[in-house]
Amino acid sequence: MRKWSAVVAAALLLVIASAPLALALELRTLSGRSYQNCRVLEVRADCIRITHATGVTSIDFEDLPEEVRQRYHYDPAKGAEARQNNATIARNTPAPGEIISQSSAPPLASPLSSPRPPPTAPTAQAPPHIVLASLWDTKVQGASETMRDLQRLFAPQAKPSADLNAGTQLMMADGIPYLCPLRLAEERLHVAGRSSTRTLVSCPGFPKGSVYYHSYDGQFEGRYNRMYIVVDSAEQLLSVQLVDESPDAAGRMHWDKNWLCYNFVNYRVKTMPRLQIAHEVKEVRRDVFRVDSGLHDPGLTKPRHTDPRTLEISRWYVPRPFVQLILHCISKAL
């Protein structure tokens, strides 16, 4: 029986190793963690990124079976070099703090904030405005539960509005204006020069075909391992999200089974009814909200025991004009 179980386990691992986008029933790491319904998203020198039944995570090649390492041509020397480079980036990152300090307190030293630049003489220029694709507010079919989540989250904070002008200059943080060019945002958020990927945001309720995110690896605010800079069609800053894909703990969050979507920027929804989600909104700067979210598995007692664990946490900094635009899109659809 043990021999047969080993054969079955090896077969399951070979399914995920057979192609970068292959599905597998289960992937079990050498450290003992098990992931269900896996799909490989990306292969890096030191790890692979996968989606699984309850979220997205990265797994170091050193924690994967030899069959998987061989399939993806893992080179221990290149993997060690990549891990060393990641460690160097983490050491050179400024002390942790909040991306956006509350208006009543001085800004903290942070990888996501920088001193306010010296004032310059005002110059005449057109007011900034969001650039979107045509038919950006076309009615979306289906996905009403996700849009209701967004409406439940933001309706107490703002009113729907289709105004694409930013009005007076809104500051996401000191030195980081709302709708500033991506290059300036990368510089001020200390990720300039890092490799990134540009992806269309597909979450229902966002302006259709118009909003993208750029993703960056690193260490942010002391615990998050990925940053997403959200931009419009002209590569202007709309919001910033930080994600910890393998949190040790989430602190005190109010878990609720009635949410469906736990990460709107990456559009991640729970896949099992028992999973719990938390969303907490706070205005941390005038017209800038911080949304702290998480996905939690309360565990099982029957038919088998599993311990409670937090599967992902995120922190999304989003300004009021973008919130109003999202609410406008939802009002057209619901």
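**Notebook: salt bridges, loops and cores**

I started at D287, which is partly exposed at a relative accessible area of 24%. My scale is this: buried is under 20% relative accessible area, exposed is over 50%, and partly exposed is in between (1.4 Å probe, protein chains only). The model is predicted, so I note that local features need pLDDT of at least 70 and side-chain atom pairs count only at pLDDT 80 or more, while totals for chains, interfaces and linings use all residues. Residues are numbered from 1 along each chain as its sequence is written, and side-chain values use heavy atoms, with hydrogens and water left out.

**Entry 1: salt bridges**

I looked up the salt bridges and found 15 in the structure. Each is a side-chain nitrogen of Lys or Arg within 4 Å of a carboxyl oxygen of Asp or Glu. For positions I use DSSP runs numbered from the N terminus: helices are H or I with at least four residues, strands are E with at least two.

What does D287 form a salt bridge with? Its partner is R320, with the closest N and O atoms 2.6 Å apart. The pair links distant parts of the chain. D287 sits in the loop between strand 13 and strand 14 (288-297), R320 in helix 6, and 33 residues separate them.

R320 also forms a salt bridge with E283, where the closest N and O atoms are 3.4 Å apart. R320 lies in helix 6 (residues 320-333) and E283 in strand 13 (residues 276-285), so this pair ties together parts 37 residues apart in sequence. E283 is partly exposed, at 38% relative accessibility.

Next I took R198 and E235, a salt bridge with 3.1 Å between the closest N and O atoms. This pair, too, links distant parts of the chain. R198 is in strand 7 (residues 197-200), and E235 is in the loop between strand 9 (224-231) and strand 10 (237-244), 37 residues away. R198 is partly exposed at 43%. E235 is partly exposed at 23%.

I also noted a network of salt bridges that links E221, R290, D292 and R315.

**Entry 2: positive phi**

Which phi value does L135 have? I read a phi near 60°, positive in a residue other than glycine. L135 is in the loop between helix 3 (76-92) and helix 4 (144-154). At 63% relative accessibility it is exposed.

H190 is not a glycine either, yet its phi is about 65°. I placed H190 in the loop between helix 5 (182-188) and strand 7. It is partly exposed, at 32%.

**Entry 3: cores**

I then looked up nonpolar cores: sets of buried Ala, Val, Leu, Ile, Met, Phe, Trp, Tyr and Cys residues joined through side-chain atoms within 4.5 Å. The largest has 64 residues. Those with the most contacts inside it are F154, Y178, F206, M227, I229, W316 and F322. Helix 6 gives the most to this core, eight residues. Another core lies apart from it, with twelve residues, among them L27, C38, I50 and I59.

**Entry 4: helix 4**

Which residues of helix 4 are buried? I listed T146, M147, D149, L150, L153 and F154.
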